[in-house]
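Hi,

Here is the structure I promised to pass on.

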Amino acid sequence: MEYKEGKKVFHGVAIGKIRVLKKTENQVARRKIEDSKAELARYEEAKQKAIAQLHVLYEKALKEVGEVNAQIFDVHAMMLEDGDYNDSVQNLIEGQNVNAEYAVAQTGDNFAKMFADMDDEYFKARSVDVKDISERVITILNGNDTGSDIGDEPVIIAAEDLAPSETVQMDKSKLLGFVTHLGSANSHTAILARTMGIPALISVDIDESWNGKTAILDGYEGKIIVEPDEKTLAEYEEKRKKDEEQKELLLTLKGKENVTKSGQKINLYANIGNVSDLASVLENDAGGIGLFRSEFLYLEKDDFPTEEEQFAVYRKVAETMAGKKVIIRTLDIGADKQVDYFNLGKEDNPALGYRAIRICLTQPEIFKTQLRALFRASNYGNIAIMYPMIISVDEVREIKKIVAEVKDELTKENIPFGEVEQGIMIETPAAAVMSDELAKEVDFFSIGTNDLTQYTLAIDRQNSKLDRFYNPHHEAVLRLIERVVKNAHAEGIWAGICGELGADTELTERFLKMGLDELSVSPGCILPVRKVIREAE
Amino acid sequence: MVSFNYAIKDEIGIHARPAGMLAKAAKEFEANITLSCNGKNADATRLMAVMAMGVKCGDEVTVSADGTDETMALDAMKTFFEENL
């Protein structure tokens, strides 16, 4: 058994033989030519042939994967007709008397670099397209034929990189999943994987010796297991079966409202912990993001993330969700989430210790950097901010003071920001008890049931000796939730749940009765919960 | 020379597909059609140059036409931007 990890592009489980695709390297040598007119004519002919191929590919893709995925070939054909691109090729052939292959390769490299240097992810990813069209012309000039015959048996495709033209030429009924070394979450291969609903990973070190071996592609955990043992294989067969059941659910419930038989509506949002989860948020039809844990920005780094780094991430999430609500929770480290550069020190009782908002209010410079990034990003979508681990009204007022300072600074610097809803997590018994007072200060409540349960019951979830005392549906917790919702509504604000309990379908009906306005659950739970809501009275 | 300003509504900005369509539409006219945004300019018939401007959602673009059929060209551009961007 061999494990390799990668970045998740699309979830799912695939089990099958690996087919390693090797790129037919186009060797491009620089040659001096005598007749530049003839060379230019050679280029022109190859270009026309390439455009004709692209039209054929467009038609094929249109039928197999739909307009959205087919468009790329239309764009490729247009790119090949671009004035600047052609001028560059012509100038090289005429000005430097080089062969057409070299002129195209050089031009392709220059334009690819131009796109790769842009700061927007979408435009960055276009460098692949420029390379792809240049490769196509060079292949024709070299007299080679392209082809991505993957054989008759369904396979997991592994490759250094895949150009859109390669993936579309593959027989879709034989594709189980993709694993590539290069590529981005915005690449066409990634988009195609999402459209087809097959698992895909990028940033995987591909080993050519995998060719023909059986493997498991785990798009949930982001790993590929080559030559798995029997036990692992059996586990994954089970997972794959569950997956298919989920897909059935998807088909019937996507696009449907979260409404009970009697017409009560509730928002179903998604919890995410990284930008890479966005695809599954959209895939599972979430109405928004109810909890975006910003910790990964801090956990993945060796030093404090800068305002710009944070801004780029928040903006991306806001833009991707295109006007749907994105609730971002401010820094929640400490307790079980430790970061070296914070120098938090050892604590006897970290769950009751220096964590979350307590760090932010003690070290406001860290807090302010995050707030600035959040407010700046609010200009690009519907961002809401939520503060964790609140126990008192005074804390909220202190936060509001800092927020006012940040807004003032931004206004003075002429940096635009939008309207931002601000709410708090209700995850301490203190906040639940004081929710009538707290509701006067904020725009919404989001109940963090994991911590609320642990603090209310005084039970450490990690300690298995306590299992028999632990009841996740403990009446104390449920009554606290009910109280919080009532107090929220009394002040005209909304209340939701973003803890694990929100996805507990045994409680969905009770939550509906309490009048909760929102449940935020992991993306994979959205449709199962929607099912229960729609079956409820 | 005539011109108008337009704030981009497309989520990705002026991406590959509309840039390509724009190039085709702009080639129909004698007038030189130029896009300006964020201090950068590009000939509307040149799709790579237009993409290289990196125009994003919310950015304001100035579209200008200069030549014998400039009024007609600008009208066509207005319709194009409203329908596609």
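Predicted model: local features only at pLDDT ≥ 70, side-chain atom pairs only at ≥ 80, totals over all residues.

Chain A overall. You will find 19 helices and 16 strands in chain A. The chain runs to 537 residues, and 43% of them count as buried. If you take the contacts in chain A with a separation of 6 or more, 69% come from residues 24 or more positions apart.

Helices 1 and 2 of chain A. Helix 1 covers residues 36–80 and helix 2 covers residues 83–96. The two pack at an angle of about 155 degrees, and their axes are 11 Å apart. Angles over 145 degrees count as roughly antiparallel, so helix 1 of chain A is roughly antiparallel to helix 2 of chain A. As for handedness, the crossing of these two helices is right-handed. On the helix 1 side, the contact is made by A:S36, A:E39, A:L40, A:Y43 and A:M79. Helix 2 of chain A answers with A:Y85, A:V89, A:Q90, A:I93 and A:E94.

Helix 10 of chain A. This one spans residues 307–320, which is 14 residues. From its first C-alpha to its last it reaches 20 Å, close to the 20 Å expected at 1.5 Å a residue. Which of its residues are buried? They are A:Q310, A:F311, A:V313, A:Y314, A:V317, A:A318 and A:E319. The cover over those buried residues includes helix 8 (278–283), helix 9 (295–299) and helix 12 (364–377) of chain A. Strand 10 (289–293), strand 11 (325–329) and strand 12 (382–387) of chain A are also part of that cover.

Chain A with chain B. The contact takes 17 residues from chain A and 16 residues from chain B. On the chain B side, helix 1 (16–27) and helix 2 (47–52) each supply at least two residues. Helix 2 of chain B gives the largest share of that side, with 5 residues. The side of chain B that touches chain A divides into 8 nonpolar, 4 polar and 4 charged residues.

Cheers

Notes: Residues numbered from 1 in each chain as written. Chains lettered and ligands numbered in written order. Helix = DSSP H or I, 4+ residues; strand = E, 2+ residues; numbered from the N terminus. Expected span 1.5 Å × (residues − 1). Buried ≥ 20, exposed ≤ 12 C-beta atoms within 10 Å, placed from the backbone. Contact = placed C-beta atoms within 7 Å. Axes fitted to C-alpha atoms, helices over the stretch in contact; angles between N-to-C directions. Parallel < 35°, antiparallel > 145°, perpendicular 65-115°, else oblique. Left-handed = near helix turned anticlockwise from the far one by under 90°. Nonpolar A, V, L, I, M, F, W, Y, C, P; charged D, E, K, R; others polar.
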